[in-house]
Amino acid sequence: MFGRYVSKNLVQQIMRSPETAGVGGTRREITVMFTDIEGFSRLSETMEPELLTDRLSRYFDALGSAITANRGTIDKYIGDSIMAFWNAPERDADHIANACRAALQACAASNQLSEKWRSRGRPGFRTRFGLHTGLAVVGNVGARERINYTLVGAVANQASRLEGLNKIYGTGVLASGEVAGATADRFVWRHIDRIVAAGTTEQHDIHEPLGEIDSAPEHAEFLAKWQAAHAAYREGRFEVALAGFRAAASLRPEDGPSLVFIERCVAFLKEGTSQGWDGTWHFDRK
C-alpha cells in the first residue's frame, strides 16, 4: 500500500538500508520528463470536479504505466502535470533511452485515451512532453519531520522549458540535444531548431523523437525534405527553404514545425533578418 504513495523501488531501498532515509543526496546523471495537458485550465472550468478527478485518474494511470514500465520514477503530480526521472533511486545504465521510450509510449497512450473520449462526445487531453538529461543531486530534500525524495538541479528546469516549447512548435514531445545525441542509434530524431531562450545567451538544440529506429523507413522521405529545407533556412536561402518546408508539409499537412518555419520564411523574405544571421532563433519572451 505504501508503494502506491511513493516509488516501490524507494520503499525497498529504505527497507534494506534505513539509514538512506536521512536528509541529503548524491550527485548523479539524471534524465527528467515533464508533462502538461494543453488547455487544462479551460477544460477544468467546464467539468464537475468529480468527473475531472475521474478523468485525471485514468489519464495518470495510462501515462504512469508507460513511465514505470520503462524504469522511470514518478516524482510528483503537479495539478495536471507529471514530473518523472530516470537513473534513481536504482541506477539504470540505459536511462536516457528508457526515458525516450516512455515518452513515446505515454504520448501514444494519451492520444489513444483522448480518441476514446472524443468518440463518446467528451473532450480529450492533448499532452506535451519535455525531456532533458544532466547532472543533479538526487535524494531526500526537506525538513527533519517531512522529506521528499526528489532532485535538485538545472536539468529539471530545462525539461520543463522543453515541455513548454511544444506550444510554439505544435509538437507533442521535445528533447534536448543531449538526449538526442545519446540515443541517435536507437530512435529517429528530427532536429527542430537551435534557440536562445528569453533572458539568456546560451544556445540549445531541440529535437523531436519520431519513433524507434526500426520505424526509420516510414519517416525517410519526410525527413529528407525537412532536413534539406532546414539546411537552406540556416544558410539564409529562404526561398529554397520555403519551398522545402511546403514540400514537407504536403506529406504531413498537420505537422506543426513545418507550419512554423513556413511562417518564418515568409516573414524573412518580406522583412529580412538581423545582421549576422546564423539560423538561431532568439525568443524575446518566456
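This report describes a set of strands, a helix and a surface patch in a predicted model.

**Strand pairing**

Strand β8 (residues 203–212) pairs in the antiparallel sense with strand β6 (residues 173–176) over two bridges, and within this pairing the bridge partner of Ala175 is His207 in β8. Strand β7 (residues 187–196) also runs antiparallel to β8, to which nine bridges join it, and here Phe187 stands opposite Glu212 of β8. The strands β7 and β8 form a hairpin with six residues between them, and in the turn Gly199 has a positive phi of about 80°.

| Strand paired with β8 | Residues | Bridges |
|---|---|---|
| β6 | residues 173–176 | two bridges |
| β7 | residues 187–196 | nine bridges |

**Helix α5**

Among the buried residues of α5 are Val155, Ala156, Gln158, Ala159, Leu162, Glu163 and Tyr169. An α-helix has 3.6 residues a turn, so residues three or four places apart point the same way. After α5 comes Gly170, whose phi is positive, near 70°.

**Nonpolar surface patch**

Val137, Val141 and Val152 make a nonpolar surface patch of about 210 Å². Of these residues, Val137 lies in strand β4 (residues 127–142), and Val137 counts as partly exposed because its relative accessibility is 35%, a value to be read against the limits of under 20% for buried and over 50% for exposed.

Note on methods
Residues are numbered from 1 along each chain as its sequence is written. This is a predicted model: local features need pLDDT of at least 70, side-chain atom pairs count only at pLDDT 80 or more; totals for chains, interfaces and linings use all residues. Side-chain values use heavy atoms; hydrogens and water are left out. Two strands pair if DSSP finds at least two bridges between them. Helices (H or I, at least four residues) and strands (E, at least two) are DSSP runs, numbered from the N terminus. Buried means under 20% relative accessible area, exposed over 50%, partly exposed in between (1.4 Å probe, protein chains only). Patches are made of residues with over 30% relative accessible area and no salt bridge: like charges are joined within 9 Å, nonpolar side chains (Val, Leu, Ile, Met, Phe, Trp, Tyr) within 5 Å. Accessible areas come from the Shrake-Rupley method with a 1.4 Å probe; for residues, only the protein chains shown count as cover. A salt bridge is a side-chain nitrogen of Lys or Arg within 4 Å of a carboxyl oxygen of Asp or Glu.
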